[in-house]
Amino acid sequence: RTPAVRRSVRRHLLTGLAKCAACKGPMKTMVFVMKNGKRFPRYQCVKQPGFPNCGRVAITKASLDEYVTKTTLDFLAGGYLAPLSDDDDHLARLKKELEADQENLNQLTHDRFVSRRIPDGAYRSASDQLNTRMSAMADEIVAIERQRETLGPLQLRHGSREDLALWWDRAPIEDHRAALAQAINVVLIHPAKHRGGNKFDQGRVEIQWRWDLFVRAADSEREHMSDNEKAHALIEAQKDGIAYDAWERRR
């Protein structure tokens, strides 16, 4: 039987990322039962022997999950990046097509200079088209492989807010947690200004992003963007204001 702690890590979105801002201790998922019997899940700093937790901070789980998810999706979209799950198939297809085009170019060169069956004008036109297509595919292969080295198994690729939202809706919680772990160093929960009440205060939530990783990933994408794509990405970053500074530093 799987230990309860491992089940909890898989089941809850922010386990391991959410920490108490007062003591920096990890926050656990607890269920507070109200007087009317309604269950109220929370992330809570739990005071216990052997841990630094102060036990002073708690926040509603559903609202925090929703807020961190939306903010992270906006952050990724602002950097013009989106996780996609089909990189393996896409990369294999690119390599296969590149290999086929290389064989076509070899045959074309043989027919022009060995068999002399193709006139010079036709050879130049066909070889230019093949070389242009091969160059584009080679650049895309390099970009994907470079990102794999930087980002690990869950890829973060050029995409839109809609692409990312669609991926998120379909992905299991394990991939949600992996994506958040790639984007975020820690989610600090500050103590409430007023005791009592269940209203969610997003001002208590401090998300510390992994800026180094995303700036490198954005740089990798920008190398292969057209000027129009770069301009669009900067406009999108300015709209949400989250990733704007990272883009401005790389202008």
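Student: Which residue in β7 does Lys19 stand opposite?
Tutor: Lys19 faces Leu188 in β7, and β1 pairs with β7 (residues 184–189) in the parallel sense over three bridges. Two strands count as paired if DSSP finds at least two bridges between them, and the elements themselves are DSSP runs numbered from the N terminus, with helices being H or I of at least four residues and strands E of at least two.

Student: What kind of model is this, and how are residues numbered?
Tutor: This is a predicted model, in which local features need pLDDT of at least 70 and side-chain atom pairs count only at pLDDT 80 or more, while totals for chains, interfaces and linings use all residues. Residues are numbered from 1 along each chain as its sequence is written, and side-chain values use heavy atoms, with hydrogens and water left out.

Student: Back to the sheet: what is its strand order?
Tutor: The order is β1-β7-β8, in an open sheet of three strands with mixed pairing. β1 (18–20) and β8 (205–209) each have a single partner strand, so one side of each is left without a neighbour in the sheet. On average, neighbouring strands of this sheet are turned by 30 degrees against each other, direction ignored.

Student: Which helix packs on that sheet?
Tutor: Helix α6 (residues 173–183) does, touching β7 and β8, and its direction makes about 95 degrees with that of β7. Contact here means heavy atoms within 4.5 Å, and axes are lines fitted to C-alpha atoms, for helices over the stretch in contact, with angles running from 0 to 180 degrees between N-to-C directions.

Student: How far is Ile173 from His12?
Tutor: The C-alpha atoms of Ile173 and His12 are 8.0 Å apart in space, although the two residues are 161 apart in sequence. His12 lies in the loop between α1 (4–11) and β1 and counts as buried, with 11% relative accessibility. Leaving out residues up to four places away in sequence, His12 touches Thr29, Tyr43, Lys61, Ile173 and Arg177.

Student: New topic: how do β2 and β3 pair?
Tutor: Strand β2 (residues 28–33) and strand β3 (residues 39–44) pair in the antiparallel sense over six bridges, and Lys28 has Gln44 in β3 as its bridge partner. The two strands form a hairpin with five residues between them, and Gly37 in the turn has a positive phi of about 90 degrees.

Student: How many aromatic pairs are there?
Tutor: There are four. One of them, Tyr67 with Phe200, is tilted, at 5.9 Å centre to centre and 55 degrees between the planes. Tyr67 lies in helix α2 (residues 61–78) and Phe200 in the loop between β7 and β8, so this pair ties together parts that are 133 residues apart in sequence. Phe75 and Trp209 form a stacked pair, 3.9 Å centre to centre with 0 degrees between the planes. Rings of Phe, Tyr and Trp (its six-membered ring) pair if their centres lie within 6.5 Å, and planes under 30 degrees apart count as stacked, over 60 as edge-to-face and the rest as tilted.

Student: Are Phe75 and Trp209 buried or exposed?
Tutor: Both Phe75 and Trp209 are buried.

How values were computed
Buried means under 20% relative accessible area, exposed over 50%, partly exposed in between (1.4 Å probe, protein chains only).
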